[in-house]
Amino acid sequence: MGRKPDAVAKPHYSAGGASSPRAARKAPPSPVFLGTALFVLGFVSLFTGHVVTDADWSRIRSRWRSRQVRIYEPIDIWKSRYSSIYYGCSGRSTNFRSAVPENSSTGYLLIATSGGLNQQRIGITDAVVVAWILNATLVVPELDHHSFWKDESDFSDIFDVDWFISYLSKDVTIVKRIPYEVMLSMDKLPWTMRAPRKSMPEFYIDEVLPILLRRRALQLTKFDYRLTSELDEDLQKLRCRANFHALRFTNSIHTLGQKLVHKLRLMSPRYVAVHLRFEPDMLAFSGCYYGGGEKERKELGEIRKRWDTLPELSAEDERSRGKCPLTPHEVGLMLRALGFGNDTNLYVASGEIYGGEETLQPLRDLFPNFYTKEDLAGNDLKPFLPFSSRLAAIDFIVCDESDVFVTNNNGNMAKVLAGRRRYMGHKRTIRPNAKKLNVLFQRRNQMGWDMFSLKVQKVQRGLMGEPDDIRPKQDDFHEFPSACICLRKPRNISVTT
């Protein structure tokens, strides 16, 4: 041991182009914008001597017109017509450094993840990249047994550990545990530290590596979102290999998940999956109010006291800013307004719903073909019931296999699944425009259903899982893995109506 890692290049920022879809603008370019662009081209040609050709003008005009068509064309609610143009691409480049053998590495990197299943999944993915940066041997990450969910599952209870080690063997050396003889030879126990959130690679080189070289083993604790989203393309592709390929569920979880998918497909060739976060702790943390009077305020207020550092929030302000999760009823109204009929099969992935069946009933009324894993699995679910992460993994599979995935929140499962579905072919994924939908919900009784439906469809444009969806100001790579999405070579693909 003792080999130092190669110099880590400073992250660069890709601007899209032939290899990745461009970040979409919130609105199409206006005629003023188009005119300004043409004027600038002419002005540049005047001073540089470059003559702007008819082809130059044509490219600008056609790009703008193509964007205009895509903004206003009818939406197929079940599938993006552009999904076939893009594909997931995360292969290793020829100059990407191979895994360092265990006996030549800088030491053993131990990882303690944090949170629920998908928060831990993000931590595991980033741990692979950090191990590569450090030239370290990665020890199979330790899952969180102490958070809110109190799940005692280990890595091998949820993920296929042998596949994980094998799939990434060309990139990072991974072992199940530090060898016994190495532990005996160590003077001290592994050093423990916590990296700041969204740390750059330089932090790990400057702050973590020297300790790892001295101690031979080091543990990073509460490892979630501890690596920046802004990495160079090779490291982003390593992230994708780890997340979308190496992390495969155990056979027992995969088999039950696929069994539920098969049952849904037997009832109907297509189904919609809704990830519904409406648990009491979720609502308490959000600071939102849902009309339950003093009883709701008291109950959620007590739960909110668990977090000492939460600021005082105005429930009305949070709702107007689009920070409140949609209610089950609001999710149902949005889906019906988008065009999903009441005969649509709906799979609902959720935990404990605040208000129970009374809260869920309006959604059931809108979509009578309403199913959960409990409905579909029966006694097959019993072995998994004591383990929240294994139950979440089953929901993950059914949601991932759905024709349409919808979420009422922006939590970790929503982000991870949105990113995975983009990578796997831009499968239809709907993110509610909560801020604008809130206004429509408040005014719903002031307009007819057709007008309400038209307005919902309008505010949801750019949030339907298209390749050029609107992106948040500070997007997360796990939700928008653009470095791992490539554009197919043209094959007479028409993008106009």
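I take contact to mean heavy atoms within 4.5 Å. Axes are lines fitted to C-alpha atoms, for helices over the stretch in contact, and angles run from 0 to 180 degrees between N-to-C directions. Helices (H or I, at least four residues) and strands (E, at least two) are DSSP runs, numbered from the N terminus.

The model is predicted: local features need pLDDT of at least 70, side-chain atom pairs count only at pLDDT 80 or more, and totals for chains, interfaces and linings use all residues. Residues are numbered from 1 along each chain as its sequence is written, and side-chain values use heavy atoms, with hydrogens and water left out.

**Entry 1: the five-stranded sheet.** I looked up the strand order and found S4-S3-S2-S6-S5, an open sheet with parallel pairing. Two strands count as paired if DSSP finds at least two bridges between them. Strand S4 (174–175) and strand S5 (191–193) are the edges, each pairing on one side only. S4 is joined to strand S3 (residues 137–139) by two bridges, and the two run parallel. In that pair I found Val139 opposite Val175 of S4.

Entry 2: I checked helix H3 (residues 117–134), which lies across strand S2 (108–111), S3 and strand S6 (217–220). H3 runs at about 160 degrees to S2. Helix H7 (residues 201–215) also packs on the sheet and touches S2, S5 and S6. The direction of H7 makes about 135 degrees with that of S6.

**Entry 3: strand S8.** Is S8 (residues 346–350) largely enclosed or open, and why? I count a residue as buried under 20% relative accessible area, exposed over 50%, and partly exposed in between (1.4 Å probe, protein chains only). Four of the five residues of S8 are buried, so the strand is largely enclosed by the rest of the structure.

I then followed its pairing. Strand S7 (residues 272–276) is joined to S8 by five bridges, in parallel, and Ala273 has Tyr347 of S8 as its bridge partner. S8 also pairs in the parallel sense with strand S9 (residues 370–371), over two bridges. There Tyr347 has Tyr371 of S9 as its partner.

S8, helix H14 (residues 356–366) and S9 form a right-handed β-α-β unit. Right-handed means that, with the strands pointing away from the viewer, the path from the first strand over the helix to the second runs clockwise.

**Entry 4: helix H19.** I listed the buried residues of H19 (residues 449–459): Phe452, Ser453, Val456 and Val459. They lie on the same side of H19 because they cover an arc of only 130 degrees around the axis, taken from the directions from the helix axis to the C-beta atoms. Their cover includes helix H13 (328–338) and helix H18 (434–442). The face turned away from the buried side carries the exposed Asp450, Leu454 and Lys458.
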